[in-house]
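Hello,

Here is the structure I promised to send you. Have a look at it first, and then read on for what I found.

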Amino acid sequence: MSKPPAAASPSSPRDTSRDGLSNRIEAWLISSPRMRSFWDLVNRIPFLARLLNKLLVNCLVRKAPARPLPLSTLNSYTSWHSLTDRTFFDRYLPPQEPRDLPPVDTVVKLFATAPNGPKLSERSTLLFPVFAQWFTDGWLLTDDTDRTKTKSPHQIDLNPLYGLTEDVTQSLRRLSNVQGERGQLKSEFVNGEEWAPRLYLASGEKNPKFASVPDPARLPRDIAADRRASLFAFGGERANGTTFTAMMNTLFLREHNRLCRLLERTYPAWDDERVFQTARNINIVLVMKIAVEEYINHISSAWLSLLFEPAASYRAEWNRPNWIPIEFNLLYRWHSLVPEKAKWHNDFLEMDSFEFDNTRLLQDGLGCGFDSASNTAARKLGLFNTPHFLMPVEGFSIKQGRDNKLGTYNDYRETFRYPRVTRFAQITSDPQVIDGLRQVYGHVDNIEFFVGIFAEDIPPRLAVTPLIMRMVAVDAFSHLLTNPLLAPLVYHEKTFSPEGMATIKTTSSFRDLLERNIPQPPGTFKITMERDGTEFIGC
């Protein structure tokens, strides 16, 4: 069982006999090259695009049972606590009693980069996994003291910037009614650009002004004082994990303060509190809009451009309070997308050199960070492709799935309306993956959820595997579009102001957001999740 996979033989086409007829028809309708001209026409007709967007979103979300789900990670049966105690994860399937599973050390070898080198994504730049990590770090929060529990707010609320608790939020605010400062978050200017203040002093001691702000999760105790002093005072414990996550938080900090200046000029009678709360509301919706119109569209293979349309949920049976499932927490561990190196200016730097270090960002500017991520190719999501420095995290993820007694890969295929597979060749055409799965598990029914979702072949134009795409669509839309800020009695100009609604309507991408928050003129930097073949191959 612990032997390395046998040498791979030439691959044959994947056996599609267990894809399901309705799934194949749907895939053909939305992503076949023969249908592109039809969808291009739809995208140019706003009324028709909105109508078909609503139909597609509802079709996607209905692929899974609607909330409320009867079980959580609290226990194996339904109780009042399991339906209301949101310190636990929700779950799609009942816990399975422990099976005769291979050791974690054996399974984790299925993720190690193959000797013949990593595979590259045909679709994505590094900006794609950077956003995915930062985005999910705000609401897929495992409690490290008990991995069946979560610290998640179960909402997209920009807590990596604003914090999870009111005392953290208050410590990050200017709290000033002075003209020109109302509503703003604390910041400072370095090299002509706006940044969050530093969490630590030059000595490496924590700034007492930010005593309530969480220390960065897993910050090494022996980290050099100058690196520690480069870390920002952000609300989330993971917001300084890498240069790139800090980059994302910095962008939304600048946008928050820009919105505050806009609102204060337009509504001089508004006090600090109203300016802050309105800017915060707008900023949170901007995250969600970019998540749909750039990020989800990047993942999807559909020719229809998905739109940020809150009305798609208003009459839906799945419009229920949000609760993050444990399965969603695990399926977002996209470690194999991360390359070994990233291009920064003309340097090719090891990815782990960006951990807990914002000195390059402060020196070279926010635009340079986005340009770096956009000029580095991502790896391809899948087995035998995780970089060495992230291998321990794969092992922790396998163990978390077992600690929560998740069902098998086949169980989740069935739950999300795919037929159960009966042969390894129905999962993938990659002979190395087939051999590895066979040697580790023996039979397809033994494959664990966390392994199976990464074993699948990725179809053309899709950025992730089919089951991951389906699960992301189900949970992303059902959680995002049911956010309180998007409710019919909330999503209007009285909540966001006419200027705020105009900002929301005219923002669809990171390019829109970044270019109004950096000193350089538009077009200075490359800002994209889509590969164009010119990127540094940071294998």
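Strands here are DSSP runs (E, at least two residues), numbered from the N terminus, while helices are runs of H or I with at least four residues. β6 covers residues 341-344 and β7 covers residues 347-350; they pair in the antiparallel sense over four bridges (two strands pair if DSSP finds at least two bridges between them).

A word on the model: it is predicted, so local features need pLDDT of at least 70 and side-chain atom pairs count only at pLDDT 80 or more, while totals for chains, interfaces and linings use all residues. Residues are numbered from 1 along each chain as its sequence is written, and side-chain values use heavy atoms, leaving out hydrogens and water.

Now the whole protein chain. There are 21 helices and eight strands in it. Its radius of gyration is 23 Å, close to the 24 Å that the globule rule gives for 539 residues, so the chain is as compact as a globular protein of that length (the radius is taken over C-alpha atoms, and the rule is 2.2 Å times the number of residues to the power 0.38). The C-alpha atoms fill a box of roughly 70 × 55 × 50 Å along the principal axes.

Finally, of the 539 residues, 58% count as buried, meaning under 20% relative accessible area with a 1.4 Å probe, protein chains only.

Enjoy exploring!

Terms used:
Buried < 20%, exposed > 50% of the residue type's maximum accessible area, 1.4 Å probe, protein only.
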